[in-house]
Amino acid sequence: MNDEFYRQILNKQQLAEAVPSNKEITAWAMQVIRLLFPEQSKRVFISIGQLQDEFAKLQDELLHIMDATKACSDCDNRERAKSFFEHLPELYRILNTDIQAIFNGDPAARSEFEVIRTYPGFFAISFYRMAHALYKNDVPLIPRILTEYAHSKTGIDIHPAAAIGEYFYIDHGTGIVIGETSQIGKNVKLYQGVTLGALSVAKYMADTKRHPTVEDDVVIYSGATILGGDTVIGHDSVIGGNVWLTKSVQPHSRVYHDSLVKVLKKAE
């Protein structure tokens, strides 16, 4: 390796933005989730004062993480950390609707405890909800780190900018992709392998709506691919497995993939 190569690497090292480790950021998020849902933790609090102290500690930790993240030099990190925790009761309320949707929708779910503790769908949704709240507060980089961590753990890829309504139900979940400008209404159910993607990935389209809109009370079965910013799935529709859609469908639609299946007899 010659000196020019070393100079290139050194230059990149000196220009790199200072960011806390992903481990530190995701550990903070897990602490928040475990505080909201003790089903995820062995720790038990016995007074409101203890809870208040713990929330204050986590707010200070978020401020430290944002201060150490140099992606935004003029951000009012103290106000943003405060705003996130002020809106935590609403985040908690919405997450409880997601738990209820999963528990009520899955006959295999024996308790809400089981949903909170074991379901990858709820794990991915909880990280998405936190990331989305931070994203709406214009916090840079950290929201994407959180959703990519959940992606690595569950195989469920939700962009933090996507807008998703309450009572969101992910069943199984592996392979689900929800793009940045997706809009999803209330009481929507997605099965594994669903993609809400873009027709084009050209860079000049970065600031346009590239991903579909899914209205309320829609079910999308496994392997369905729905593409395009102008594509709208009308409310109370059912999209069958392996469907490929690039056009809108009216409310109360039933869309299925018409496949031909042949069963061949084994030769004697």
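Which residue forms a salt bridge with Arg210? Glu180 does, with the closest N and O atoms 2.8 Å apart; a salt bridge here is a side-chain nitrogen of Lys or Arg within 4 Å of a carboxyl oxygen of Asp or Glu. This is a predicted model, in which local features need pLDDT of at least 70, side-chain atom pairs count only at pLDDT 80 or more, and totals for chains, interfaces and linings use all residues. Residues are numbered from 1 along each chain as its sequence is written, and side-chain values use heavy atoms, with hydrogens and water left out.

**Overall make-up**

- The chain holds 8 helices and 14 strands; helices (H or I, at least four residues) and strands (E, at least two) are DSSP runs, numbered from the N terminus.
- The C-alpha trace spans about 65 × 60 × 45 Å along its principal axes.
- Of the chain's 268 residues, 44% count as buried; buried means under 20% relative accessible area, exposed over 50%, and partly exposed in between (1.4 Å probe, protein chains only).
- Among contacts (heavy atoms within 4.5 Å) with a separation of 6 or more, residues 24 or more positions apart account for 45%.

**Salt bridges**

- The structure contains 7 salt bridges.
- Arg210 forms its salt bridge with Glu180. Arg210 lies in the loop between strand 7 (195-197) and strand 8 (213-214) and Glu180 in the loop between strand 4 (177-178) and strand 5 (183-184), so the pair ties together parts that are 30 residues apart in sequence.
- Arg210 is buried at 13% relative accessible area, whereas Glu180 is partly exposed at 25%.
- Glu90 pairs with Arg93, the closest N and O atoms being 2.9 Å apart. The two are 3 residues apart in helix 5, a separation of about one helical turn.
- Both partners are partly exposed, Glu90 with a relative accessible area of 38% and Arg93 with 35%.
- Glu90 and Arg93 also belong to a network of salt bridges that links them with Glu166.
- In helix 8 (residues 142-154), Glu148 and Arg144 are 4 residues apart, about one turn of the helix, and their side chains meet in a salt bridge of 3.3 Å, N to O.
- Glu148 is partly exposed at 31%, and Arg144 is partly exposed at 41%.
- An α-helix has 3.6 residues a turn, so residues three or four places apart point the same way.

**Buried residues and their cover**

- Helix 4 (residues 77-86) has Asn77, Arg80, Ala81, Ser83, Phe84 and Phe85 as its buried residues.
- Their cover includes helix 2 (22-36), helix 3 (48-68), helix 5 (88-105) and helix 7 (120-136).
- Ile145, found in helix 8, is buried at 12% relative accessibility.
- Leaving aside neighbours within four places in sequence, Ile145 is in contact with Val19, Asn22, Ile25 and Thr26.
- Ile145 and Ile25 are 120 residues apart along the chain, and their C-alpha atoms are separated by 7.8 Å.

**Pocket and cavity**

- The largest pocket has a volume of about 330 Å³. Of the 17 residues that line it, the closest to its centre are Glu90, Ile94, His132, Ala133 and Lys136.
- On a 1 Å grid over the protein atoms alone, a pocket is an open set of points with protein on both sides within 12 Å along at least five of seven lines, a cavity is a set where a 1.4 Å probe fits but cannot get out, and lining residues have an atom within 4 Å of a point.
- Grid points are joined across faces, edges and corners, and a volume is the space filled by probe spheres set on the points.
- Helix 4, helix 5, helix 7 and strand 2 (163-164) each supply at least two residues of the pocket lining, and helix 7 gives the most, with 5 residues.
- There is 1 cavity of 30 Å³ or more.
- The largest cavity holds about 40 Å³ of space and is lined by Met66, Thr69, Cys72, Cys75, Asn77, Val139, Pro140 and Ile142.

**Nonpolar surface patch**

- Met1, Phe5, Tyr6 and Ile9 make a nonpolar surface patch of about 440 Å².
- Patches are made of residues with over 30% relative accessible area and no salt bridge, like charges being joined within 9 Å and nonpolar side chains (Val, Leu, Ile, Met, Phe, Trp, Tyr) within 5 Å.
- Met1 is found in the segment before helix 1 (3-15) and is exposed, with a relative accessible area of 75%.

Key: Areas by Shrake-Rupley, 256 points an atom, 1.4 Å probe, with all protein chains shown as cover.
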